[in-house]
Amino acid sequence: MNTFTQEQKKAAIAQNYARIASDDDSCGCAPSGCCSSENISLELGYSKEQLNSIPAEADKGLGCGNPTAIASLKKGEVVLDLGSGAGLDCFLASIEVGEKGKVIGVDMTREMIAKARSNRDKNGYDNVDFRLGEIENLPVADDSVNVIISNCVINLSLDKQRVFDEAFRVLKTGGRLAISDIVLTKKIPSKMITLDSYGACISGASFIDDLEAVLKNSGFKDINITPKSESKKFIKGWSQNIEDYIVSANIEAVK
């Protein structure tokens, strides 16, 4: 049985995303390469129009869905992206909320924050702010956000209750979650769990019932977690037979 420490798991996650941020040719969530095709972002649910509207450097092929497609963003809203990476979803949200809106991206990896800020500054996204921080301890004020988005990141957290407690804290009353993430469909065999798999959106996934309980404990209502069976197509390339154990899902809830 694997007995990795929390510190080892966290280091593996940070190292994986630092590597991806520093590699201009890198894409994909898993070290083994979850880019099953050149059009991985199209497979994840982004449109060609969306991808053409943002800097190509912001698209690392990371994720397991398109949270902006379910967020129903409005002009003037404040959006927070948990685990903002190189800025893909932040830049898409920026367009939707307009000049009077604001987008905040939080990421734990200095290399990703540097990449995202460079993409922002080179392309004039004046309403986007990237902040270094952990999603378990958000550098964001109470009751200040309309919508929280996230793409294949919360599964990486070693304390998901804390993540959703923090999300509840920073959301305004009536604020909402629009998250794409990985969930378990059945328990992953211990022989498939490695340190790399913790940084690869695999070993940290939770069952839907467990996520619902965590969301309820944080105070959320109108919880809706919808698994997407079609995601097995791109998940198949992450690790051998892993599509038998995990699937992408939309996670929505309201404060």
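**Close-ups of a predicted model**

**View 1. Helix 4 is mostly covered, with eight of its ten residues buried.** The buried residues are Leu 88, Asp 89, Cys 90, Phe 91, Leu 92, Ala 93, Ser 94 and Val 97. What sits over them? The cover includes helix 3 (48–52) and helix 5 (110–123), along with strand 1 (78–82), strand 2, strand 3 (128–132) and strand 4 (145–151). Look just past the end of helix 4 and you'll find Gly 98, with a positive phi of about 75°.

**View 2. The largest pocket holds about 590 Å³ of space.** Its lining takes in 36 residues, and Gly 83, Asp 107, Met 108, Val 153 and Leu 156 are the ones closest to the centre. Helix 1 (6–22), helix 4 (88–97) and strand 2 (102–107) are the elements that each give two or more residues to this lining. Which element gives the most to the lining? That's helix 1, with four residues. Sorted by class, the pocket lining comes out as 16 nonpolar, twelve polar and eight charged residues.

**View 3. Ser 206 sits in strand 6, which covers residues 206–207.** Is Ser 206 buried or exposed? Its relative accessible area is 15%, and the cut-off for buried is under 20%, so Ser 206 counts as buried. Setting aside neighbours within four places in sequence, Ser 206 is in contact with Lys 160, Ile 182, Val 183, Leu 184 and Leu 211.

**View 4. Residues 25–38 have pLDDT under 50 throughout.** The model does give this stretch 39 contacts beyond four places in sequence. For the protein as a whole, pLDDT averages 88, and 86% of the residues score at least 70.

**View 5. Zooming back out, the protein has nine helices and eight strands.** It runs to 255 residues, of which 55% count as buried. Take the contacts between residues at least 6 apart in sequence: 73% of them join residues at least 24 apart.

Key
Residues numbered from 1 in each chain as written. Predicted model: local features only at pLDDT ≥ 70, side-chain atom pairs only at ≥ 80, totals over all residues. Heavy atoms only, no water. 1 Å grid on protein atoms, 1.4 Å probe; cavity = no way out; pocket = protein on both sides within 12 Å on 5 of 7 lines; lining within 4 Å. Points joined across faces, edges and corners; volume = space filled by probe spheres on them. Nonpolar A, V, L, I, M, F, W, Y, C, P; charged D, E, K, R; others polar. pLDDT = per-residue confidence, 0-100. Contact = heavy atoms within 4.5 Å. Buried < 20%, exposed > 50% of the residue type's maximum accessible area, 1.4 Å probe, protein only.
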